[in-house]
Amino acid sequence: MTPHVSSYLKTTVLAVLVAVATGIAAGAVLSLLSGLAVVAAGLVAGLAAIAAVAMAVVLSGLLVLYRQLRVAAGREDLFLALTRSRGEAALAAPGSFRAGFLRRLAARRLLGHDWLVGDEVEIRSLDEILATLDGDGCLDGVPFQAEMTRFCGGRGMVFRSVDKVYDYGRTKQMRRLTGSVLVAGLRCNGADHGGCEALCYLIWKTAWLRRPGESAGAVRARPAAGCIAAGELPGTAPDGAPAPRYRCQYSSLHAASTPFRPWSLARDLRPWIAGNISTATLLVGLGTRVFNDVQRRRGGMGFPAVPPPSGGSEAVPEEHLAVGDRVRVRPIAAISRTLNRNSRHKGLWFDRDMTKHCGAEHRVLARVERIIDDANGEMRLMKTPCIMLDGVDYSGEFLNFNAQHDLFFWREAWLERLPEDATTGRQGPGRQA
(Lines give C-alpha, C1' and ligand atoms only; values in the text may rest on other atoms or scores of the structure.)
Protein backbone atom coordinates (compact mmCIF):
# COMPACT_ATOMS: atom_id res chain seq x y z
CA MET A 1 0.00 0.00 0.00
CA THR A 2 1.38 3.39 -0.98
CA PRO A 3 1.92 6.05 1.72
CA HIS A 4 -0.80 8.34 0.39
CA VAL A 5 -3.44 5.58 0.23
CA SER A 6 -2.48 4.58 3.77
CA SER A 7 -2.92 8.22 4.86
CA TYR A 8 -6.36 8.44 3.18
CA LEU A 9 -7.49 5.20 4.86
CA LYS A 10 -6.32 6.32 8.31
CA THR A 11 -8.37 9.50 8.12
CA THR A 12 -11.45 7.71 6.76
CA VAL A 13 -11.34 4.95 9.37
CA LEU A 14 -10.78 7.48 12.14
CA ALA A 15 -13.85 9.41 10.97
CA VAL A 16 -15.90 6.20 10.98
CA LEU A 17 -14.84 5.50 14.56
CA VAL A 18 -15.75 9.03 15.63
CA ALA A 19 -19.19 8.76 13.99
CA VAL A 20 -19.88 5.39 15.66
CA ALA A 21 -18.59 6.55 19.05
CA THR A 22 -20.73 9.70 19.03
CA GLY A 23 -23.79 7.67 18.05
CA ILE A 24 -23.23 5.31 20.97
CA ALA A 25 -22.61 8.26 23.29
CA ALA A 26 -25.86 9.90 22.17
CA GLY A 27 -27.79 6.74 22.99
CA ALA A 28 -26.16 6.54 26.40
CA VAL A 29 -27.02 10.17 27.17
CA LEU A 30 -30.67 9.60 26.32
CA SER A 31 -30.90 6.55 28.59
CA LEU A 32 -28.98 8.00 31.53
CA LEU A 33 -30.47 11.50 31.47
CA SER A 34 -34.01 10.67 30.46
CA GLY A 35 -35.31 12.75 33.34
CA LEU A 36 -33.31 15.83 32.40
CA ALA A 37 -34.79 16.49 29.00
CA VAL A 38 -33.16 19.88 28.36
CA VAL A 39 -29.66 18.70 29.31
CA ALA A 40 -30.07 15.47 27.37
CA ALA A 41 -31.32 17.32 24.27
CA GLY A 42 -28.33 19.71 24.34
CA LEU A 43 -25.80 16.92 24.68
CA VAL A 44 -27.45 14.83 21.98
CA ALA A 45 -27.54 17.80 19.60
CA GLY A 46 -23.83 18.39 20.15
CA LEU A 47 -23.01 14.72 19.60
CA ALA A 48 -25.20 14.65 16.49
CA ALA A 49 -23.30 17.60 15.05
CA ILE A 50 -19.99 15.82 15.67
CA ALA A 51 -21.36 12.66 14.08
CA ALA A 52 -22.56 14.61 11.02
CA VAL A 53 -19.13 16.17 10.52
CA ALA A 54 -17.49 12.77 10.94
CA MET A 55 -19.81 11.24 8.34
CA ALA A 56 -19.02 14.07 5.94
CA VAL A 57 -15.34 13.23 6.35
CA VAL A 58 -16.11 9.53 5.81
CA LEU A 59 -17.93 10.28 2.55
CA SER A 60 -15.21 12.62 1.33
CA GLY A 61 -12.59 10.00 2.25
CA LEU A 62 -14.40 7.34 0.23
CA LEU A 63 -14.60 9.78 -2.67
CA VAL A 64 -10.86 10.45 -2.58
CA LEU A 65 -10.09 6.73 -2.31
CA TYR A 66 -12.25 6.10 -5.37
CA ARG A 67 -10.47 8.86 -7.28
CA GLN A 68 -7.14 7.33 -6.31
CA LEU A 69 -8.29 3.88 -7.48
CA ARG A 70 -9.19 5.35 -10.88
CA VAL A 71 -5.75 6.92 -11.15
CA ALA A 72 -4.04 3.65 -10.16
CA ALA A 73 -6.08 1.80 -12.81
CA GLY A 74 -4.96 4.24 -15.51
CA ARG A 75 -8.42 5.75 -15.93
CA GLU A 76 -9.19 9.41 -16.46
CA ASP A 77 -9.42 11.54 -13.32
CA LEU A 78 -13.00 11.68 -12.05
CA PHE A 79 -13.17 15.49 -12.02
CA LEU A 80 -12.04 15.68 -15.65
CA ALA A 81 -14.42 12.89 -16.68
CA LEU A 82 -17.38 14.71 -15.14
CA THR A 83 -16.31 18.01 -16.74
CA ARG A 84 -16.47 16.52 -20.24
CA SER A 85 -20.18 17.39 -20.43
CA ARG A 86 -19.17 21.07 -20.26
CA GLY A 87 -16.36 20.80 -22.81
CA GLU A 88 -16.34 22.80 -26.04
CA ALA A 89 -17.15 19.80 -28.23
CA ALA A 90 -19.88 18.51 -25.90
CA LEU A 91 -21.61 21.90 -25.70
CA ALA A 92 -21.67 22.18 -29.48
CA ALA A 93 -23.43 18.81 -29.85
CA PRO A 94 -27.22 18.58 -30.18
CA GLY A 95 -29.02 18.01 -26.88
CA SER A 96 -26.16 19.41 -24.78
CA PHE A 97 -26.56 21.46 -21.59
CA ARG A 98 -28.74 24.54 -21.86
CA ALA A 99 -29.77 26.72 -18.93
CA GLY A 100 -33.38 26.83 -17.82
CA PHE A 101 -35.59 29.64 -16.55
CA LEU A 102 -34.91 29.15 -12.82
CA ARG A 103 -31.16 29.00 -13.37
CA ARG A 104 -31.32 32.30 -15.24
CA LEU A 105 -33.23 33.91 -12.40
CA ALA A 106 -30.56 32.75 -9.95
CA ALA A 107 -27.84 33.95 -12.32
CA ARG A 108 -29.20 37.47 -12.40
CA ARG A 109 -28.95 37.50 -8.62
CA LEU A 110 -25.53 35.89 -8.18
CA LEU A 111 -23.83 36.87 -11.44
CA GLY A 112 -25.55 40.12 -12.33
CA HIS A 113 -26.37 38.79 -15.81
CA ASP A 114 -27.92 35.71 -17.40
CA TRP A 115 -25.35 34.93 -20.07
CA LEU A 116 -24.90 31.25 -19.28
CA VAL A 117 -22.97 28.30 -20.66
CA GLY A 118 -24.29 27.12 -24.03
CA ASP A 119 -25.96 30.41 -24.95
CA GLU A 120 -25.55 31.52 -28.56
CA VAL A 121 -24.08 35.00 -28.88
CA GLU A 122 -23.29 37.53 -31.52
CA ILE A 123 -20.26 39.75 -30.96
CA ARG A 124 -21.15 43.40 -31.49
CA SER A 125 -19.59 45.48 -34.23
CA LEU A 126 -16.31 47.23 -33.53
CA ASP A 127 -18.01 50.63 -33.52
CA GLU A 128 -20.53 49.46 -30.92
CA ILE A 129 -17.78 48.08 -28.71
CA LEU A 130 -15.61 51.19 -29.05
CA ALA A 131 -18.57 53.20 -27.74
CA THR A 132 -18.40 51.27 -24.44
CA LEU A 133 -14.69 51.87 -23.81
CA ASP A 134 -13.02 54.50 -21.68
CA GLY A 135 -9.93 56.49 -22.68
CA ASP A 136 -7.72 53.51 -21.82
CA GLY A 137 -9.62 51.17 -24.09
CA CYS A 138 -11.26 49.36 -21.15
CA LEU A 139 -14.70 48.56 -19.84
CA ASP A 140 -14.77 48.11 -16.05
CA GLY A 141 -11.00 47.74 -16.14
CA VAL A 142 -10.99 44.94 -18.74
CA PRO A 143 -9.18 45.99 -21.95
CA PHE A 144 -10.67 45.28 -25.34
CA GLN A 145 -7.58 43.98 -27.12
CA ALA A 146 -6.69 44.59 -30.74
CA GLU A 147 -6.63 40.81 -31.27
CA MET A 148 -10.37 40.76 -30.55
CA THR A 149 -11.36 43.00 -33.46
CA ARG A 150 -11.25 40.14 -35.98
CA PHE A 151 -14.11 38.45 -34.13
CA CYS A 152 -16.43 41.48 -34.23
CA GLY A 153 -19.71 40.72 -35.96
CA GLY A 154 -19.20 36.99 -35.64
CA ARG A 155 -21.21 34.43 -33.74
CA GLY A 156 -20.23 31.98 -31.05
CA MET A 157 -21.29 30.23 -27.88
CA VAL A 158 -20.73 31.07 -24.24
CA PHE A 159 -18.17 28.57 -22.98
CA ARG A 160 -17.79 29.86 -19.43
CA SER A 161 -19.05 32.65 -17.21
CA VAL A 162 -15.98 34.24 -15.61
CA ASP A 163 -17.02 35.27 -12.11
CA LYS A 164 -13.48 35.18 -10.67
CA VAL A 165 -9.87 35.38 -11.83
CA TYR A 166 -6.54 34.39 -10.38
CA ASP A 167 -4.43 37.50 -9.78
CA TYR A 168 -1.12 36.28 -11.23
CA GLY A 169 0.64 39.61 -11.18
CA ARG A 170 -0.10 40.95 -7.71
CA THR A 171 -1.78 39.13 -4.84
CA LYS A 172 -1.65 35.50 -6.12
CA GLN A 173 -5.24 35.15 -4.89
CA MET A 174 -8.69 34.70 -6.36
CA ARG A 175 -10.53 37.97 -7.02
CA ARG A 176 -14.10 38.78 -8.11
CA LEU A 177 -14.81 39.72 -11.72
CA THR A 178 -18.26 40.74 -12.94
CA GLY A 179 -20.10 40.76 -16.25
CA SER A 180 -17.57 38.62 -18.12
CA VAL A 181 -17.66 35.43 -20.19
CA LEU A 182 -15.51 33.28 -22.45
CA VAL A 183 -16.68 32.57 -25.99
CA ALA A 184 -15.84 29.03 -27.09
CA GLY A 185 -12.54 28.68 -28.90
CA LEU A 186 -11.59 32.37 -28.92
CA ARG A 187 -8.03 32.64 -27.61
CA CYS A 188 -5.53 35.47 -28.03
CA ASN A 189 -2.96 34.88 -30.79
CA GLY A 190 -0.64 37.58 -29.44
CA ALA A 191 -0.30 39.28 -32.84
CA ASP A 192 -0.63 42.77 -31.34
CA HIS A 193 1.28 41.96 -28.16
CA GLY A 194 4.76 41.31 -29.44
CA GLY A 195 3.95 37.77 -30.54
CA CYS A 196 3.12 36.52 -27.04
CA GLU A 197 2.55 32.77 -27.28
CA ALA A 198 0.52 32.11 -24.10
CA LEU A 199 -2.75 31.58 -26.05
CA CYS A 200 -4.86 32.98 -23.22
CA TYR A 201 -8.63 32.72 -23.48
CA LEU A 202 -10.07 36.14 -24.37
CA ILE A 203 -12.44 37.65 -21.81
CA TRP A 204 -15.60 39.26 -23.19
CA LYS A 205 -17.69 41.75 -21.24
CA THR A 206 -21.38 41.02 -21.64
CA ALA A 207 -21.88 44.56 -23.02
CA TRP A 208 -19.79 43.50 -26.04
CA LEU A 209 -22.22 40.72 -26.89
CA ARG A 210 -25.84 40.47 -27.92
CA ARG A 211 -28.23 37.65 -28.54
CA PRO A 212 -28.70 36.75 -32.20
CA GLY A 213 -31.41 38.97 -33.62
CA GLU A 214 -31.16 41.58 -30.85
CA SER A 215 -31.26 45.22 -31.87
CA ALA A 216 -27.85 46.73 -32.57
CA GLY A 217 -28.80 49.81 -30.57
CA ALA A 218 -29.06 48.00 -27.22
CA VAL A 219 -25.54 48.79 -26.04
CA ARG A 220 -24.14 50.26 -22.83
CA ALA A 221 -22.42 53.39 -24.14
CA ARG A 222 -19.95 55.58 -22.27
CA PRO A 223 -20.90 59.26 -21.79
CA ALA A 224 -17.94 60.19 -23.99
CA ALA A 225 -18.59 57.61 -26.69
CA GLY A 226 -15.93 57.16 -29.32
CA CYS A 227 -13.10 58.53 -27.13
CA ILE A 228 -10.75 55.82 -28.35
CA ALA A 229 -10.10 54.72 -31.92
CA ALA A 230 -9.49 51.18 -33.16
CA GLY A 231 -5.82 51.95 -33.77
CA GLU A 232 -5.39 52.98 -30.13
CA LEU A 233 -6.62 49.73 -28.57
CA PRO A 234 -4.42 48.20 -25.87
CA GLY A 235 -1.70 46.08 -27.36
CA THR A 236 -1.34 47.83 -30.72
CA ALA A 237 2.11 49.05 -29.67
CA PRO A 238 4.48 48.81 -26.69
CA ASP A 239 4.82 51.84 -24.45
CA GLY A 240 8.24 52.92 -25.76
CA ALA A 241 10.22 51.97 -22.64
CA PRO A 242 13.73 50.48 -23.09
CA ALA A 243 12.22 47.11 -22.18
CA PRO A 244 8.83 47.27 -23.92
CA ARG A 245 5.85 46.69 -21.67
CA TYR A 246 2.54 45.46 -23.01
CA ARG A 247 -0.90 45.83 -21.53
CA CYS A 248 -3.34 43.00 -22.01
CA GLN A 249 -6.33 41.55 -20.21
CA TYR A 250 -4.25 39.29 -17.99
CA SER A 251 -1.80 41.98 -16.94
CA SER A 252 -4.87 44.10 -16.01
CA LEU A 253 -6.68 41.52 -13.88
CA HIS A 254 -5.87 43.16 -10.57
CA ALA A 255 -7.31 46.53 -11.60
CA ALA A 256 -10.36 44.90 -13.18
CA SER A 257 -11.25 42.75 -10.15
CA THR A 258 -12.12 43.17 -6.49
CA PRO A 259 -11.32 41.12 -3.35
CA PHE A 260 -13.71 38.44 -2.21
CA ARG A 261 -15.46 38.84 1.08
CA PRO A 262 -14.20 36.33 3.66
CA TRP A 263 -16.02 32.98 3.64
CA SER A 264 -18.00 33.83 0.51
CA LEU A 265 -20.06 30.75 -0.37
CA ALA A 266 -21.16 32.34 -3.63
CA ARG A 267 -17.70 31.93 -5.15
CA ASP A 268 -18.36 28.18 -5.40
CA LEU A 269 -22.04 28.47 -6.30
CA ARG A 270 -21.65 30.94 -9.17
CA PRO A 271 -19.83 28.48 -11.48
CA TRP A 272 -22.59 25.93 -10.89
CA ILE A 273 -25.38 28.46 -11.48
CA ALA A 274 -23.65 29.61 -14.68
CA GLY A 275 -23.37 26.04 -15.94
CA ASN A 276 -19.57 26.01 -15.89
CA ILE A 277 -19.72 22.80 -13.85
CA SER A 278 -22.36 20.13 -13.30
CA THR A 279 -23.87 19.20 -9.94
CA ALA A 280 -21.73 16.05 -9.83
CA THR A 281 -18.59 18.04 -10.58
CA LEU A 282 -19.44 20.54 -7.83
CA LEU A 283 -19.92 17.76 -5.26
CA VAL A 284 -16.70 15.98 -6.24
CA GLY A 285 -14.71 19.20 -6.02
CA LEU A 286 -16.19 20.24 -2.67
CA GLY A 287 -15.88 16.73 -1.22
CA THR A 288 -12.22 16.51 -2.17
CA ARG A 289 -11.60 19.95 -0.71
CA VAL A 290 -13.18 18.94 2.61
CA PHE A 291 -10.99 15.85 2.80
CA ASN A 292 -7.84 17.79 1.91
CA ASP A 293 -8.62 20.36 4.62
CA VAL A 294 -8.94 17.57 7.18
CA GLN A 295 -5.74 15.97 5.94
CA ARG A 296 -3.87 19.24 6.24
CA ARG A 297 -5.00 19.72 9.83
CA ARG A 298 -4.15 16.12 10.68
CA GLY A 299 -0.76 16.30 8.99
CA GLY A 300 -1.79 13.73 6.37
CA MET A 301 -1.28 13.68 2.60
CA GLY A 302 -3.67 15.52 0.31
CA PHE A 303 -5.17 14.55 -3.03
CA PRO A 304 -3.81 14.36 -5.63
CA ALA A 305 -0.74 12.65 -4.21
CA VAL A 306 2.46 14.20 -5.52
CA PRO A 307 5.65 12.43 -4.39
CA PRO A 308 8.04 14.82 -2.65
CA PRO A 309 10.60 16.22 -5.12
CA SER A 310 13.98 14.50 -4.97
CA GLY A 311 15.77 17.85 -5.02
CA GLY A 312 18.21 16.50 -7.56
CA SER A 313 16.38 17.48 -10.75
CA GLU A 314 17.14 14.20 -12.50
CA ALA A 315 18.37 14.77 -16.04
CA VAL A 316 16.07 13.38 -18.74
CA PRO A 317 16.97 13.34 -22.45
CA GLU A 318 15.04 16.08 -24.24
CA GLU A 319 12.54 14.89 -26.84
CA HIS A 320 12.84 17.97 -29.11
CA LEU A 321 9.11 17.83 -29.71
CA ALA A 322 7.42 19.53 -32.65
CA VAL A 323 3.87 20.78 -33.17
CA GLY A 324 1.62 17.84 -33.99
CA ASP A 325 3.75 15.20 -32.27
CA ARG A 326 1.79 12.66 -30.29
CA VAL A 327 3.02 12.37 -26.71
CA ARG A 328 2.20 10.67 -23.44
CA VAL A 329 2.54 12.54 -20.14
CA ARG A 330 5.00 10.65 -17.95
CA PRO A 331 3.90 9.12 -14.62
CA ILE A 332 3.94 11.46 -11.65
CA ALA A 333 6.73 9.46 -9.98
CA ALA A 334 8.97 10.00 -13.02
CA ILE A 335 8.11 13.71 -13.21
CA SER A 336 8.80 14.15 -9.49
CA ARG A 337 12.37 12.96 -9.99
CA THR A 338 12.99 15.88 -12.37
CA LEU A 339 11.86 18.52 -9.84
CA ASN A 340 13.99 20.46 -7.39
CA ARG A 341 12.92 21.07 -3.79
CA ASN A 342 10.69 23.93 -4.97
CA SER A 343 8.82 21.57 -7.35
CA ARG A 344 10.38 23.24 -10.39
CA HIS A 345 12.29 21.99 -13.40
CA LYS A 346 14.49 24.61 -15.05
CA GLY A 347 12.41 27.25 -13.29
CA LEU A 348 9.01 25.92 -14.41
CA TRP A 349 6.52 24.99 -11.69
CA PHE A 350 4.73 21.64 -11.86
CA ASP A 351 1.18 22.27 -10.67
CA ARG A 352 -0.77 19.57 -8.84
CA ASP A 353 -3.65 20.01 -11.29
CA MET A 354 -1.29 18.71 -13.98
CA THR A 355 -1.25 15.31 -12.27
CA LYS A 356 -4.74 14.72 -13.71
CA HIS A 357 -3.09 14.25 -17.11
CA CYS A 358 -0.29 11.86 -16.14
CA GLY A 359 -0.49 8.83 -18.40
CA ALA A 360 -2.78 10.56 -20.93
CA GLU A 361 -1.95 10.94 -24.61
CA HIS A 362 -2.20 14.24 -26.47
CA ARG A 363 -0.91 16.19 -29.44
CA VAL A 364 1.63 18.98 -29.12
CA LEU A 365 -0.23 22.23 -29.75
CA ALA A 366 2.66 24.69 -29.64
CA ARG A 367 6.23 25.37 -28.52
CA VAL A 368 6.29 28.46 -26.30
CA GLU A 369 9.33 30.72 -26.35
CA ARG A 370 7.94 34.14 -25.39
CA ILE A 371 5.16 35.28 -23.06
CA ILE A 372 4.13 38.52 -21.39
CA ASP A 373 4.83 38.67 -17.65
CA ASP A 374 1.46 39.31 -16.00
CA ALA A 375 3.14 41.15 -13.12
CA ASN A 376 4.78 43.94 -15.13
CA GLY A 377 3.81 43.52 -18.78
CA GLU A 378 7.37 42.76 -19.93
CA MET A 379 7.98 40.23 -22.67
CA ARG A 380 9.87 37.25 -21.30
CA LEU A 381 11.99 35.09 -23.57
CA MET A 382 12.19 31.57 -22.19
CA LYS A 383 15.65 30.10 -21.75
CA THR A 384 14.14 26.67 -22.37
CA PRO A 385 11.01 26.50 -24.57
CA CYS A 386 7.86 25.02 -23.03
CA ILE A 387 5.30 22.74 -24.61
CA MET A 388 1.53 23.25 -24.72
CA LEU A 389 -0.72 20.25 -25.34
CA ASP A 390 -3.91 20.45 -27.35
CA GLY A 391 -6.93 20.76 -25.06
CA VAL A 392 -4.95 20.40 -21.82
CA ASP A 393 -5.75 23.34 -19.58
CA TYR A 394 -6.35 24.14 -15.94
CA SER A 395 -9.50 22.48 -14.61
CA GLY A 396 -10.09 25.12 -11.91
CA GLU A 397 -10.83 22.50 -9.25
CA PHE A 398 -8.35 23.86 -6.71
CA LEU A 399 -9.16 27.55 -7.29
CA ASN A 400 -12.88 27.67 -6.45
CA PHE A 401 -13.74 26.31 -9.92
CA ASN A 402 -11.95 29.11 -11.71
CA ALA A 403 -12.96 29.35 -15.38
CA GLN A 404 -9.89 30.90 -17.07
CA HIS A 405 -8.82 27.60 -18.70
CA ASP A 406 -5.18 28.60 -19.05
CA LEU A 407 -3.17 26.12 -21.09
CA PHE A 408 -0.48 24.35 -19.07
CA PHE A 409 3.20 24.78 -19.81
CA TRP A 410 5.07 21.46 -19.90
CA ARG A 411 8.76 20.61 -19.96
CA GLU A 412 9.84 18.11 -22.59
CA ALA A 413 11.28 16.06 -19.73
CA TRP A 414 7.70 15.44 -18.53
CA LEU A 415 6.57 14.06 -21.91
CA GLU A 416 7.51 11.11 -24.10
CA ARG A 417 7.00 11.02 -27.84
CA LEU A 418 4.80 8.22 -29.22
CA PRO A 419 4.91 6.69 -32.67
CA GLU A 420 2.02 7.77 -34.85
CA ASP A 421 0.42 4.33 -34.79
CA ALA A 422 0.48 4.11 -30.97
CA THR A 423 -2.98 3.71 -29.48
CA THR A 424 -2.16 2.36 -26.03
CA GLY A 425 -2.91 4.26 -22.83
CA ARG A 426 -5.89 6.36 -21.92
CA GLN A 427 -6.90 9.16 -24.20
CA GLY A 428 -6.87 12.67 -22.87
CA PRO A 429 -9.86 15.02 -23.13
CA GLY A 430 -8.25 17.23 -25.74
CA ARG A 431 -9.84 18.00 -29.09
CA GLN A 432 -7.55 15.53 -30.86
CA ALA A 433 -8.93 12.51 -28.95
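## Salt bridges and a buried glutamate

E122 is buried, with a relative accessible area of 14% (buried means under 20% relative accessible area, exposed over 50%, partly exposed in between; 1.4 Å probe, protein chains only). The model is predicted: local features need pLDDT of at least 70, side-chain atom pairs count only at pLDDT 80 or more, and totals for chains, interfaces and linings use all residues. Residues are numbered from 1 along each chain as its sequence is written, and side-chain values use heavy atoms, with hydrogens and water left out.

E122 sits in strand 1 (residues 120-123); helices (H or I, at least four residues) and strands (E, at least two) are DSSP runs numbered from the N terminus. Beyond its neighbours within four places in sequence, E122 has contacts (heavy atoms within 4.5 Å) that include R155, W208 and R210.

Now to the charged pairs. The whole structure holds 27 salt bridges, each a side-chain nitrogen of Lys or Arg within 4 Å of a carboxyl oxygen of Asp or Glu. Here are some of them:

| Pair | Closest N to O |
|---|---|
| R380 and E378 | 3.6 Å |

Salt bridges that share partners also join E122, R124, E128, R155, R210 and E214 into one network.

What about R67 and D77? R67 is buried at 0% relative accessible area, and D77 is buried at 4%.
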